Amino acid sequence: VSSPVHKDEKRRYIVYTPPSYQSRPQQAFPVVFNFHGGGMSMAEQMLYTQMNRAADRHQFIVVYPQGIKQDWNVGFGMDYLAGTDDVGFTQAMLSKLRQDYRVDDKRIYATGLSRGGFFALRLAAELPRQFAAVASVGAPMPVPVIDHHAAPSPVGMLLIHGTADKVVLYGGKNGGKNGGKDGGYLSAEETFAYWRKHNGIDGAVPPARLLAGVPGDDTQVTQVEQSNGAQQVALITVKEGGHTWPGADAFNTGLPIGKTTRAIDANDIIWEFFSSQRR
């Protein structure tokens, strides 16, 4: 666990390196930032998503940052510009990681669940020259991020969302005047369209593919994607899926988070998506 001080606040994050990091001392490794959901901790995100196993299989470094008050600033319930400087914290983590680890600069990625997914989308909008691709689980594009989205640089984008998600709605939500506590966000489909447009992808959207199901699991998973030749934009829809990380063990939060699909393992799907994209 590293604790750098950023803007007078001690900020913490966990770094996990796979066994191959030690056995291949000449090699630079890709980095995946994995941001926790609101009210969760970095350790809970590590235990819940089990991304370390995928890091062992696919040979990448995982970083689990800790949000202040277990939150991330996407303009929900705090000022987008004057609230917590989580973008600056991410940049500080990146420079420290580059000093301390052998990092492949062309392969830096971000993912997250719920509030962490919303924040990964903020990073895609504000640091597109740092991140080659981003994957958001259970979190479409927040309105405050759209309002401040100025950096016109392409970035790969994967969205994973359950249609029965009652915490963050697949169909989007209109925020109050100042975004309210939960703020407004696009629907999953509008977010897919937003990032296609942002990455200069036009033309008809190809039909969605149905992914293979598993017996005894009544979720259905479809995937649709388009590419501009370098960046890909993809939407994975989990029919009947809840506010969960696909393939994870059920996590008792006391919230009605709904069903977790067994048809896909989010970590493998996310890594497969990331690994095809370079900065």
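Mentor: Let us begin with a side-chain pair: Asn267 and Trp245 make a polar contact through their side chains, at 3.1 Å. A polar contact is a pair of N or O atoms within 3.5 Å; within protein, one must be able to donate a hydrogen and the other to accept it, and residues adjacent in sequence count only if both atoms are side-chain atoms. The model is predicted: local features need pLDDT of at least 70, side-chain atom pairs count only at pLDDT 80 or more, and totals for chains, interfaces and linings use all residues. Residues are numbered from 1 along each chain as its sequence is written, and side-chain values use heavy atoms, with hydrogens and water left out.

Trainee: In which helix does Asn267 lie?

Mentor: Asn267 lies in helix α8, residues 266–275. Helices (H or I, at least four residues) and strands (E, at least two) are DSSP runs, numbered from the N terminus.

Trainee: Is Asn267 buried or exposed?

Mentor: Asn267 counts as buried because its relative accessibility is 4%. Buried means under 20% relative accessible area, exposed over 50%, and partly exposed in between, with a 1.4 Å probe and protein chains only.

Trainee: Which residues does Asn267 touch?

Mentor: Leaving aside residues up to four places away in sequence, Asn267 touches Thr49, Gln50, Met51, Ala54 and Trp245. Contact here means heavy atoms within 4.5 Å.

Trainee: Thr49 is in that list. Which residues of α2 are buried?

Mentor: In helix α2 (residues 42–49), the buried residues are Met42, Gln45, Tyr48 and Thr49. They cover an arc of only 130 degrees around the axis, so they are on the same side of α2. The arc is that of the directions from the helix axis to the C-beta atoms.

Trainee: What covers the buried residues of α2?

Mentor: The cover includes β3 (13–16), β4 (29–35), α3 (51–58), β5 (61–65), β6 (103–113) and α8. Just after α2, Gln50 takes a positive phi of about 55 degrees.

Trainee: Now to the sheet. In what order do the strands come?

Mentor: The open sheet has nine strands, in the order β3-β5-β4-β6-β7-β8-β11-β10-β9, with mixed pairing. Its edge strands, β3 and β9 (209–210), each pair on one side only. Two strands pair if DSSP finds at least two bridges between them.

Trainee: How many bridges are there between β4 and β6?

Mentor: Six bridges pair β4 with β6 in the parallel sense, and Val32 has Tyr109 in β6 as its bridge partner. Helix α8 packs on the sheet, where its contacts are β4, β6, β7 (133–137), β8 and β11, and its direction makes about 160 degrees with that of β7. Axes are lines fitted to C-alpha atoms, for helices over the stretch in contact, and angles run from 0 to 180 degrees between N-to-C directions.

Trainee: And what about β5: which strands does it join?

Mentor: β3 and β5 run antiparallel, joined by four bridges, with Tyr13 opposite Pro65. β4 and β5 run parallel, joined by three bridges, and Val31 has Ile61 as its partner in β5.

Trainee: Which way do the residues of β5 point?

Mentor: Ile61, Val63 and Pro65 point one way, Val62 and Tyr64 the other way, and all are buried.

Trainee: A change of topic: at what angle do α4 and α5 cross?

Mentor: The axes of α4 (residues 86–100) and α5 (residues 115–126) cross at roughly 75 degrees and come within 11 Å. That makes α4 roughly perpendicular to α5. Angles under 35 degrees count as roughly parallel, over 145 as roughly antiparallel, 65 to 115 as roughly perpendicular and the rest as oblique. Asp86, Val87 and Thr90 in α4 meet Phe119, Arg122, Leu123 and Glu126 in α5.

Trainee: Where is Gln130?

Mentor: Gln130 is in the loop between α5 and β7. Gln130 counts as partly exposed because its relative accessibility is 23%. Its side chain makes a polar contact of 2.9 Å with that of Arg98.

Trainee: Finally, where does Arg102 lie?

Mentor: Arg102 lies in the loop between α4 and β6. A polar atom of the Arg102 side chain lies 3.0 Å from the backbone oxygen of Arg24.
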